[in-house]
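Walk me through this structure, please. Start with the charged pairs, then move to the sheet and the helices.

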Amino acid sequence: MKAEQIVQGLLSEAGIKINGPEQWDIQVKDNRFYQRILSDHALGLGESYMDDWWECEALDEFISRLLKARIDEKVKGNWKMALYILQSKLFNRQKRSRASQVSEQHYDLGNDFYQTMLDKRMNYTCAYWKNAKNLDQAQEAKLDLVCKKIGLEKGMTVLELGCGWGSFAKFAAEKYGAHVVAVNISTQQVEFAREYCKALPVEIRHQDYREAEGKYDRVISIGILEHVGYKNYRTYMEVAHRCLKDDGIAFIHTIGNNVSTTYVNAWTNKYIFPNGMLPSIAQISKALEGLFVIEDLHNIGPDYDKTLLAWYNNFEKSWPKFKDRYGERFFRMWRFYLLSSAGGFRSRQHQLWQFVMTKPGRKQPHCRIC
């Protein structure tokens, strides 16, 4: 059977037509597309889009339909895909010497670029849209939700593992009077965060999370576990446990996967988040066993669909400002990244979990807040 017929058959299972009339149908411009996605799986799908071999008006809905129909499980890929998976099982792809790769490739793209895409507080994680009318309100609601879940009070000390551009640290210091120590390995983010949080009781350290020391009332992370890797989840939990006072509260905000894997898809690994991977509930639970009690688990995954679409709208509006710096292939790469990620959450394949945890023996805190 020809590659085109095989691809047509697979897409039809998801209600997608080649050159069809619906917004989620794809328009194929180059017939090499068919063999490329059969050979290279997600990597081929993303790269062929970057190369302008196909187009789709509603890319987010196209990906959502593919994932809901589990088409990704029916395309096995080639030996390169098998080698990539094998490497993720054999080696620690998130060890300390490789940790800076993602910051150099992704987070250090340019602070001005992210300022036009994100909210005014520079949050690059899922917002909380329950009562919000726009991205700024939704991100502030997320920060306030975190502070309430950890029972933050004036004068408390907080360790933040992976702090982005300092959005939580600044909010916690300004609104709750907390003293925050935050660590991050991104050079540009650290420079921004130090300026952003100047004159507040906030210390931003250019440091790997594994090097964190001291004792704090609260230990939190918002969006770092996606970079930690399954071989280091236990180390992450041991760091959080070591740095948390016995009566303290730990908190994790992370994207999650419905099943346990050891890798992220090859396109995301190559172009967006090198060495990234999404944890499952089973992997997180195993890592924290004996160290923490899970006091609360909240899934706000559908809110990430809305957040990603808000980021994409900002990205598209500001693109003329960055077109000459990054080029057309970059635009198509980021369009694919943001909209395919929205599709991943819409399909319910990906979740956004917030964990509240304490050390065994501590009185249960009031943290069921939503």
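Glu55 forms a salt bridge with Arg332, with the closest N and O atoms 2.9 Å apart. A salt bridge here is a side-chain nitrogen of Lys or Arg within 4 Å of a carboxyl oxygen of Asp or Glu. Helices (H or I, at least four residues) and strands (E, at least two) are DSSP runs, numbered from the N terminus.

A word on the source. This is a predicted model, in which local features need pLDDT of at least 70, side-chain atom pairs count only at pLDDT 80 or more, and totals for chains, interfaces and linings use all residues. Residues are numbered from 1 along each chain as its sequence is written, and side-chain values use heavy atoms, with hydrogens and water left out.

Back to the pair. Glu55 counts as partly exposed, at 22% relative accessibility. Arg332 counts as buried, at 7%. Buried means under 20% relative accessible area, exposed means over 50%, and partly exposed lies in between (1.4 Å probe, protein chains only). Neither residue stands alone. Salt bridges that share partners join Lys29, Asp52, Glu55, Arg332 and Arg335 into one network.

By this rule the count of salt bridges comes to 25. Two others are worth a look. Arg65 and Glu61 form one, the closest N and O atoms being 3.2 Å apart. Both residues belong to helix 3 (residues 59-68); they are four residues apart, so about one helical turn separates them. Arg65 is partly exposed at 23% relative accessibility, while Glu61 is buried at 19%.

The side chains of Glu140 and Arg121 also meet in a salt bridge, at 3.1 Å from N to O. This pair links distant parts of the chain: Glu140 is in helix 7, Arg121 is in the loop between helix 6 (111-117) and helix 7, and they are 19 residues apart. Glu140 is partly exposed at 25% relative accessibility. Arg121 is buried at 10%.

Seven strands form an open sheet in the order 5-4-3-6-7-9-8, with mixed pairing. Two strands pair if DSSP finds at least two bridges between them. The edges are strand 5 and strand 8 (293-299), each of which pairs on one side only. Neighbouring strands are turned by 15° against each other on average, direction ignored. Axes are lines fitted to C-alpha atoms, for helices over the stretch in contact, and angles run from 0 to 180 degrees between N-to-C directions.

Strand 8 pairs with strand 9 (residues 350-358) in the antiparallel sense, over six bridges. Asp296 stands opposite Val356 in strand 9. Helix 7 packs on the sheet, where it touches strand 6, strand 7 (244-257), strand 8 and strand 9. The direction of helix 7 makes about 30° with that of strand 9. Contact means heavy atoms within 4.5 Å.

Which residues of helix 8 are buried? They are Ser167, Phe168, Ala169, Lys170, Phe171, Ala172, Ala173 and Tyr176. That is eight of the ten residues of helix 8 (residues 167-176), so the helix is largely enclosed by the rest of the structure. The cover includes helix 7 (135-149), strand 3 (157-161), strand 4 (179-184), helix 9 (187-196), strand 5 and strand 6. Gly177 follows helix 8, with a positive phi near 70°.

Another glycine sits in a loop. Gly214 lies between strand 5 (202-206) and strand 6 (216-222). Gly214 is partly exposed, with a relative accessible area of 42%. Leaving out residues up to four places away in sequence, Gly214 touches Arg242 and Cys243.

Finish with a helix pair. The axes of helix 13 (residues 301-326) and helix 14 (residues 328-346) come within 8 Å and cross at roughly 175°. The two are therefore roughly antiparallel to each other. Angles under 35 degrees count as roughly parallel, over 145 as roughly antiparallel, 65 to 115 as roughly perpendicular and the rest as oblique. Helix 13 contributes residues including Tyr304, Leu308, Trp311 and Phe315, and helix 14 contributes residues including Phe331, Trp334, Leu338 and Phe345.
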